[in-house]
Amino acid sequence: MTTPYSDAVDAAEGASDEGAGPARGRWIDLAALLSFVLLAFWVTARFWANPAAGVRDNRSDQAQFEWMMAHGARVVTQFANPFLTDRMNVPDGVNLMANTSVLSISLPMTPVTVVFGPRWAFLAFLTLGMAATGIVWYFVLSRVVIGARGPAWLGAGFCAFAPAMVSHANAHPNIVSQFVVPLIVWRTLRLAEPGRWLRNGVLLALVIVWQAFLNLEILLMTAIGLGVVVLALAVARPELRRAARPFCAGLAVAAVLSVALLAYPLYVQFFGPGAYQGLSQLIRGYRTDLASFVAWSRESLAGDARGSVWLAKNATEENAFFGWPLAVLVVALIWWLRRNVVALALGGAGLLFAVFSLGREIRFDGHDTGIPAPWAVLEKLPILHSVVPTRWSLALTPIVGILLALGVEHIRRLARRHPAARPRIRFATVTVLTMALLPILPTPLPSVRLDPTPVFVTSGAWRPYVADGHSIVTLPLPDTTYPDPLRWSAETRLGMPLARGYFLYPDTRPGEGRVALFTAPPRPTSTFFTTIRTTDGVPPITPQDRVAAVDDLRYWRAGAVILDSRLRRADALRRGMTALTGIEPTFTGGVWLWDVRPLVD
């Protein structure tokens, strides 16, 4: 039987490196590159096939990232502030450094966003980010870490398309785009090169800064994982200590330069307007269920939503779904490779990340056990209080990928030493890898049809209402449950400023500790329309409610209030707004429109 795994073993047994000429090696590299591109398009196929389709299980984050892509284009074309914006949450704005602004991608992708629009830019970011992760891991593993193409292909494929990565492909392009991580690994290893400490330190700093503007969580995990491996190598291999001087010198250069380049952006993130102090208790409760390590992800060949729904908070956070065959194989690999310092260090780092991901209390098969976990001691520390606990298990993906590559490379060497046993070794390897990896092969992500943007927005009819610093107020006001206005604003290249929105923002109410909310703190009018949306009924309106509504509209600098007529609660929302303001709406461009400038001005 021929499978991708048997092909990997063939390559690992000598066809990929020794005995293969440069021309054949280049063809193998090209085939590996093409395989990652095809897999990325396979995972996102439904979105490319239907331009009106969106991510079914995470429409909110898709809308937010489309908005972020439009922001990056606005920074380049209009020289807008990259770290703060006034185009959402008028008048307070949003601290984009404290949110997922992905400037290292949105800025260079400006031509795509301008020419094709933010939705296509988002999709290109998502798809090519996955492909690039596999490609870069492949070249770093095959040229630097392993030295063989077959094992590198297998490990890189897992790093890019493991269940956790496919889960985050539900509108988390900043997480699936981990192509900078292997570059950080590569440049860190090169620090030990004698005589080039300055050059190597500068190059490491540049890739650190690149990753910092892509995703800081991944950068933190990478730093911890590399720290464990480097420390283990320094302790277990005394002969490597002679490289300590250039390594430390290069590391110092990287630290100083990266801190200098990131000093102002990080100051804005932690101390600027809109900075928050950690995540809410709800988000800190997002933790890895102990049973999920041996479960199947819903987006894998062997999985389905019914079999895993209680093991993860949502479809985007299935960070540890390896399936029991692979979980057993990883433990066996660590034991088998126990004389390999790197393998043992990776196993130790993986155990550390797995324990952290359990959160403050261990949960098993959907039930709290009452057993405290170590994260309870760490979760309130600076920096760590902004990490979603379950995402620590996301760091297991590259660890498992490298262990798989190391294991296949070890088998390759074993087969070369024992040519008579090669057929049996080959059969056993193919069987084990097929059993472990075939069930977790990715399936195309589910999609949903997105409602077209109202003509009121696409025609530019909103422009007169935002003159003189006014904003557009949508009903209901945008938040994590109603993100569509962010897509509308993105399509206008952020020309249409919004009141409120979907973003992380400090809870400034007394006694709330400035922890992050997923929108601005509630105001009387936003709460009023949330009630209507929840109950489909208009609550009694008092004179105080009307006064508060005018105050809120003035606070938001509202020029117009619009309501998408296609919403389920549109009738109740329309009646509520009319009764609250006494203004009769007009129907234009697919929306109900209240011109509130007379009230505000």
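**Overall fold and packing of the predicted chain**

The chain holds 27 helices and twelve strands. Helices (H or I, at least four residues) and strands (E, at least two) are DSSP runs, numbered from the N terminus. The radius of gyration is 26 Å, close to the 25 Å that the globule rule gives for 601 residues, so the chain is as compact as a globular protein of that length. This radius is taken over C-alpha atoms, and the globule rule is 2.2 Å times the number of residues to the power 0.38. The C-alpha trace spans about 90 × 55 × 50 Å along its principal axes.

The model is predicted: local features need pLDDT of at least 70, side-chain atom pairs count only at pLDDT 80 or more, and totals for chains, interfaces and linings use all residues. Residues are numbered from 1 along each chain as its sequence is written, and side-chain values use heavy atoms, with hydrogens and water left out.

Of the 601 residues, 56% are buried. Buried means under 20% relative accessible area, exposed over 50%, and partly exposed in between (1.4 Å probe, protein chains only). Contact means heavy atoms within 4.5 Å. Among contacts between residues at least 6 apart in sequence, 76% join residues at least 24 apart.

The largest nonpolar core has 138 residues. Such a core is a set of buried Ala, Val, Leu, Ile, Met, Phe, Trp, Tyr and Cys residues joined through side-chain atoms within 4.5 Å. Helix α7 gives the most to this core, with 14 residues. A second, separate core of 22 residues includes L475, A499, V561 and M577. In the largest core, the residues with the most contacts inside it are F158, L326, L404 and L437. Beyond four places in sequence, F158 touches F322, L326, T397, V400, G401, L404, L437 and I440.

Helix α7 is mostly covered, with 20 of its 28 residues buried. T133 lies in this helix. Its relative accessible area is 0%, so T133 is buried. Leaving aside neighbours within four places in sequence, T133 is in contact with C159, A160, M165, V176, S177, Q178 and F179. Just after α7, G147 takes a positive phi of about 90°.

Helix α11 (residues 180-189) is largely enclosed by the rest of the structure, because eight of its ten residues are buried. These are V180, V181, P182, L183, I184, V185, R187 and T188. They pack against α7 (118-145), α12 (197-212), α13 (216-236) and α14 (244-271).

V253 lies in α14. At 16% relative accessibility, V253 counts as buried. Beyond four places in sequence, V253 touches W197, L198, G201 and V202. V253 and V202 are 51 residues apart in sequence, yet 6.5 Å apart in space, C-alpha to C-alpha.

The loop between β2 (84-85) and β3 (94-95) holds P91. The peptide bond from V90 to P91 is cis, with omega near 5°. N89 lies in the loop between β2 and β3 too. N89 has a positive phi of about 60° although it is not a glycine. At 2% relative accessibility, N89 is buried. D365, in the loop between β4 (361-364) and β5 (367-372), is not a glycine either, and has a positive phi of about 55°. D365 is partly exposed, with a relative accessible area of 35%. A further cis peptide bond joins L475 and P476, with omega about -15°. P476 lies in the loop between β7 (471-475) and α23 (484-491).
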